[in-house]
There are 2 protein chains.
Amino acid sequence: MRIAVDAMGSDHFPVPDVEGAVQAAREYGDNILLVGDEAVVRQELTKHETSGLKIDVIHAAHHITMHDKPSEVGRSKPESSVYVASKLVADGRADAFVSVGNTGAILAITLLGTLGRVPGVKRPCLSAIVSLDSRPVILLDIGANADCKPQWLLQFAVMGSIYAQSALGHKNPRLGLLSNGEEEGKGNDLIKEAGELIKKSSLNFVGNVEPKDVVHGAVDVMVSDGFVGNIFIKSLEAMGDLLFHLIRREARADMRSKAGAALLRPALRRVYKRVDPFEIGGAPLLGVNGVVIIGHGRTNALGMKNAIRQARLAVAGGIVEKIRQDINGINTEPE
Amino acid sequence: MRIAVDAMGSDHFPVPDVEGAVQAAREYGDNILLVGDEAVVRQELTKHETSGLKIDVIHAAHHITMHDKPSEVGRSKPESSVYVASKLVADGRADAFVSVGNTGAILAITLLGTLGRVPGVKRPCLSAIVSLDSRPVILLDIGANADCKPQWLLQFAVMGSIYAQSALGHKNPRLGLLSNGEEEGKGNDLIKEAGELIKKSSLNFVGNVEPKDVVHGAVDVMVSDGFVGNIFIKSLEAMGDLLFHLIRREARADMRSKAGAALLRPALRRVYKRVDPFEIGGAPLLGVNGVVIIGHGRTNALGMKNAIRQARLAVAGGIVEKIRQDINGINTEPE
């Protein structure tokens with residue numbers, strides 16, 4: 001497998017980007033195409049033992065930052081690492097593209113520049129994969145489309161179910177719509193109308209779900225519009241960060257607490273590992289005509305390696321081809 | 001102050017309801033009007049020392065459960081404790097009504113039956129008050145209106161700001177719209193349009209805020225539609241519950257962890273206390289023509305007592321009168 005990796009995406013680029021790529025090359029034996037400023041990337045590679053690994057460096061003259069406007073990068077930075085790396089996928093020279101860079105820019109460049117959308121897909125969407133107290137759950141849309149139509153949510157449901165089945169390995173994945181209550185009749189107009197559409201499909205729709213259901217893995221696929229999904233995932237992160245912050249603070253308050261915290265540290269680490277987004281690393285941009293995995297900008301090397309792992313799962317699962325086949329297929333037609 | 005308290009609202013009624021009311025009567029010296037099945041309430045009161053406390057029992061023949069449909073309780077249970085207690089407020093025989101019962105039923109009965117809305121209020125809304133890593137923040141709407149118009153959000157902003165100033169004691173409260181990003185241009189159509197309206201008001205609008213900003217108290221008032229607000233608050237709860245669940249589980253895994261957990265317990269309790277909804281107890285239903293405070297059905301006595309405390313703050317702050325004055329006043333008109 002050949003995976004194009006953006007070496008310039010993270011907040012601390014190229015350090016975790018390159019380190020994670022090296023780890024992935026070693027662990028999976030894949031051909032990693034590291035895309036970025038060649039001098040910078042080669043310099044970074046000298047810090048690692050890479051003999052025997054299939055790592056190629058491909059030069060990209062421009063580098064997108066978190067401050068670049070997605071609507072402008074196509075013109076202002078035509079030779080960005082995002083462009084060059086995703087073009088490798090478009091040209092069939094790589095099987096997948098992985099980046100932890102500016103999400104809006106990745107969306108704009110892959111969608112409007114290099115890859116385009118899968119025929120029939122109305123709106124590509126961003127996903128996240130979480131595994132808090134369950135096997136992995138894919139959440140979508142988490143931010144690409146703030147205002148959605150019911151038909152788009154149906155398509156997100158199709159794409160998410162395909163991903164859960166083919167890349168995450170969940171047979172007949174359970175699908176839920178994120179709502180303000182599980183009961184029939186709950187939801188805003190969008191959710192009610194999307195529910196009616198999804199009910200008529202052959203998807204394994206379990207109905208409306210609340211945040212606690214998602215957290216505990218009552219579904220494998222959770223669908224929402226990009227505004228609600230974004231607030232949902234950021235709320236989980238905010239509360240997780242807050243609690244660990246408060247625990248650290250209170251654990252320093254006195255000698256007894258300090259001693260307790262020292263003893264409890266391995267257990268707390270195990271809890272943190274469960275909610276740590278870098279354990280999964282990245283999630284697919286679904287609906288574009290190629291495998292694109294996006295991770296967190298503040299990633300570490302583990303997150304980068306795991307994002308590359310996610311790309312391997314997506315490629316092996318043939319998700320782009322399956323979306324092409326199913327997006328307008330029989331399973332979204334009224335029965 | 002005379003406060004009408006629903007004795008039949010909680011999941012374990014009348015136990016925490018009555019105990020919290022007795023505590024409030026003792027601590028604040030208020031006249032508590034305990035409303036419910038008289039025999040049940042009087043029996044429960046015998047478990048407590050109430051001599052010298054101003055507690056009256058007022059009979060209500062019917063009792064609403066969590067399974068009753070809000071749209072039907074007005075007809076099917078006309079003499080419910082919610083009806084009788086809120087009618088006391090409507091008739092000027094009580095200054096406030098407090099319940100931890102069926103939220104939808106409270107909304108329907110107070111709005112359509114006993115109290116009605118403050119003239120000029122388009123849609124009353126539910127609020128929550130959280131104090132996670134900051135002074136109290138009021139969140140609204142958290143569930144009354146799943147689909148909203150921008151003008152309604154402007155009114156929520158006015159009512160929330162009045163409450164934050166007059167009941168929570170925050171001078172010139174900072175107001176934010178919950179959004180999928182802080183930058184101008186982020187948000188769905190509703191949030192963008194509401195933002196334009198709020199900018200033209202004299203409210204202290206700080207712009208769009210993300211979940212982490214709310215959690216850390218960057219605003220005193222957070223406005224959203226009732227669908228998004230409901231998912232936001234439930235996401236915080238779900239993540240908080242999950243983390244404490246995981247910590248308890250991991251803390252039992254081995255002897256070292258058990259010893260650490262025993263030592264760290266007081267520190268973890270302090271953290272739990274910060275995120276415990278019962279510490280605040282309840283929050284106002286805003287826009288109805290009377291002070292109505294709603295708490296959690298799974299409350300304990302502390303939560304009930306604190307819900308009554310919140311009612312005292314709302315009455316003392318004169319919030320209903322202030323909403324009446326300001327809802328269509330100069331501060332929502334374009335400058």
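**Note on the chain A–chain B model**

1. Between chain B and chain A, 14 residue pairs are in polar contact, both residues at pLDDT 80 or more. A polar contact is a pair of N or O atoms within 3.5 Å; within protein, one must be able to donate a hydrogen and the other to accept it, and residues adjacent in sequence count only if both atoms are side-chain atoms. On the side of chain B that touches chain A, α7 (189–199), α8 (211–215), α9 (226–251) and α10 (255–275) of chain B each supply at least two residues. The largest share of that side, 20 residues, comes from α9(B). By class, the side has 30 nonpolar, 12 polar and 12 charged residues. Here Ala, Val, Leu, Ile, Met, Phe, Trp, Tyr, Cys and Pro count as nonpolar, Asp, Glu, Lys and Arg as charged, and the others, Gly among them, as polar. Helices (H or I, at least four residues) and strands (E, at least two) are DSSP runs, numbered from the N terminus.

2. On provenance: this is a predicted model, in which local features need pLDDT of at least 70 and side-chain atom pairs count only at pLDDT 80 or more, while totals for chains, interfaces and linings use all residues. Residues are numbered from 1 along each chain as its sequence is written, chains are lettered from A and ligands numbered from 1 in the order in which they are written, and side-chain values use heavy atoms, with hydrogens and water left out.

3. The chain contact takes 54 residues from chain B and 54 residues from chain A, contact meaning heavy atoms within 4.5 Å. About 4700 Å² is buried between the two chains, and carbon and sulfur atoms give 71% of this. Buried area is the accessible area (1.4 Å probe) that two parts lose on being put together, summed over both.

4. The criterion is a side-chain nitrogen of Lys or Arg within 4 Å of a carboxyl oxygen of Asp or Glu. One bridge pairs K234(A) with E210(B), with the closest N and O atoms 2.9 Å apart. Another pairs D133(A) with R249(B) at 3.5 Å, N to O. This pair joins two chains, because D133(A) lies in the loop between β5 (125–130) and β6 (137–140) of chain A and R249(B) in helix α9 of chain B. R249(B) is partly exposed, at a relative accessible area of 35%; the classes are buried (under 20% relative accessible area), exposed (over 50%) and partly exposed in between (1.4 Å probe, protein chains only).

5. Two further salt bridges lie within chain B. K77(B) and D68(B) meet at 2.7 Å, N to O, and D68(B) is buried, with a relative accessible area of 18%. E321(B) and R324(B) meet at 3.1 Å, N to O. These two residues are three apart in helix α12 (residues 319–326) of chain B, so about one helical turn separates them. Both are partly exposed: E321(B) at 38% relative accessibility and R324(B) at 34%. In chain A, salt bridges that share partners join R135(A), R174(A) and D220(A) into one network.

6. Chain A is divided into domain 1 (1–121 + 287–320) and domain 2 (128–276), with bounds from an automatic or database domain assignment. Their centres, taken over C-alpha atoms, are 26 Å apart. In the contact, 12 residues of domain 1 meet 11 residues of domain 2. The area buried between these domains is about 850 Å², 57% of it from carbon and sulfur atoms. V121(A), Q310(A) and I319(A) supply 42% of the area that domain 1 buries against domain 2, more than any other three residues. Helix α11 (residues 301–316) of chain A gives the most to the domain 1 side, with three residues. That side divides into six nonpolar, five polar and one charged residue.

7. S80(A) sits in the loop between α3 (70–76) and α4 (81–90) of chain A. S80(A) counts as buried, at 0% relative accessibility. Apart from neighbours within four places in sequence, S80(A) is in contact with A60(A), H62(A), I64(A) and I109(A).

8. In helix α5 (residues 103–114) of chain B, the buried residues include A105(B), I106(B), L107(B) and T114(B). Among the elements covering the buried residues of α5(B) are α3 (70–76), β4 (96–99) and β10 (282–286) of chain B. At the start of α5(B), a side-chain oxygen of N102(B) reaches to within 3.2 Å of the backbone nitrogen of G104(B). G116(B), with a positive phi near 70°, follows α5(B).
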